[in-house]
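Work through these exercises with the sequence and the 3D view side by side. Try each task before reading its solution.

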Amino acid sequence: MMDNPLPVGLFHWRSPYGVAETARRLEDALKVQGFAIFAHFDHSRAAQEAGRQMPPMEVLVFGNPKGGTSLMLAAPTLAIDLPSKILIRQDEDGATEIFFNTMAYLKERHRLIDMDKEVIAFDQKVTGLIRSSLR
């Protein structure tokens, strides 16, 4: 269980499934909702290949070029944080946790102006997708 408060701007959710199954479910749900999966990193496998051990940890890199382009045109520095990412990890108690940088946080970080509707819609879509695909 996390003892430290979450960093600003992170959405947090727990999954009843293991890391690999959670990642598979989220990737499938993202695709169904029209998101492109640009990368799927397995950090624990990479650590193992480097002779190190770490609990299961995967990252999905996803986005929608149509929506993302509009946001990056409005705030070009946003490109450093896009495409979006979902972190899936096993905590020290063996529970599977999901983390996601909210677009509302990125909006503030990059001083994105006049895009509130798009930001709210994106966050609602992704957080809703996380919740519904991990029941």
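**Exercise 1. Is D91 buried or exposed?**

Start with the ground rules. This is a predicted model, where local features need pLDDT of at least 70, side-chain atom pairs count only at pLDDT 80 or more, and totals for chains, interfaces and linings use all residues. Residues are numbered from 1 along each chain as its sequence is written, and side-chain values use heavy atoms, with hydrogens and water left out.

Step 1. Take the cut-offs: buried means under 20% relative accessible area, exposed over 50%, and partly exposed in between, with a 1.4 Å probe and protein chains only.

Step 2. Read the value. D91 has a relative accessible area of 3%, so D91 is buried.

Step 3. D91 sits in the loop between β4 and β5. Such element names come from DSSP runs, numbered from the N terminus: helices are H or I with at least four residues, strands are E with at least two.

Step 4. Check a distance. D91 and E49 are 42 residues apart along the chain, and 21 Å separates their C-alpha atoms.

**Exercise 2. Find the element that holds S44, then list the contacts of S44.**

Step 1. S44 belongs to helix α2, residues 43-49.

Step 2. The relative accessible area of S44 is 14%, so S44 is buried.

Step 3. Contact means heavy atoms within 4.5 Å. Set aside the neighbours within four places in sequence; S44 then touches M54, P55, P56 and M57.

**Exercise 3. Describe helix α5: its length, its buried residues and its exposed face.**

Step 1. Count and span. α5 covers residues 116-133, which is 18 residues. From first C-alpha to last, α5 reaches 26 Å, close to the 26 Å expected at 1.5 Å a residue. The expected span is 1.5 Å times one less than the number of residues.

Step 2. List the buried residues of α5: V119, F122, D123, V126, T127, L129, I130 and S133.

Step 3. Look down the axis. The buried residues of α5 fall within an arc of 150 degrees, so they line one face of the helix. The arc is that of the directions from the helix axis to the C-beta atoms.

Step 4. Turn to the other side. The face of α5 turned away from the buried side carries the exposed residues K117 and Q124.

Step 5. Find the cover. The buried residues of α5 are covered by elements including β1 (10-15), α1 (19-32), β3 (57-63), β4 (84-90), β5 (96-101) and α4 (103-109).

**Exercise 4. Which elements give two or more residues to the lining of the largest pocket?**

Step 1. On a 1 Å grid over the protein atoms alone, a pocket is an open set of points with protein on both sides within 12 Å along at least five of seven lines; lining residues have an atom within 4 Å of a point.

Step 2. The largest pocket has a volume of about 330 Å³. Of its 20 lining residues, N64, G67, G68, L71 and F122 are the closest to its centre.

Step 3. The elements asked for are β3, α3 (65-74) and α5. α3 gives the most, with six residues.

**Exercise 5. Where is P83, and what is the peptide bond from L82 to P83?**

Step 1. P83 lies in the loop between α3 and β4.

Step 2. The peptide bond from L82 to P83 is cis, with omega near 5 degrees.

Notes: 1 Å grid on protein atoms, 1.4 Å probe; cavity = no way out; pocket = protein on both sides within 12 Å on 5 of 7 lines; lining within 4 Å. Points joined across faces, edges and corners; volume = space filled by probe spheres on them.
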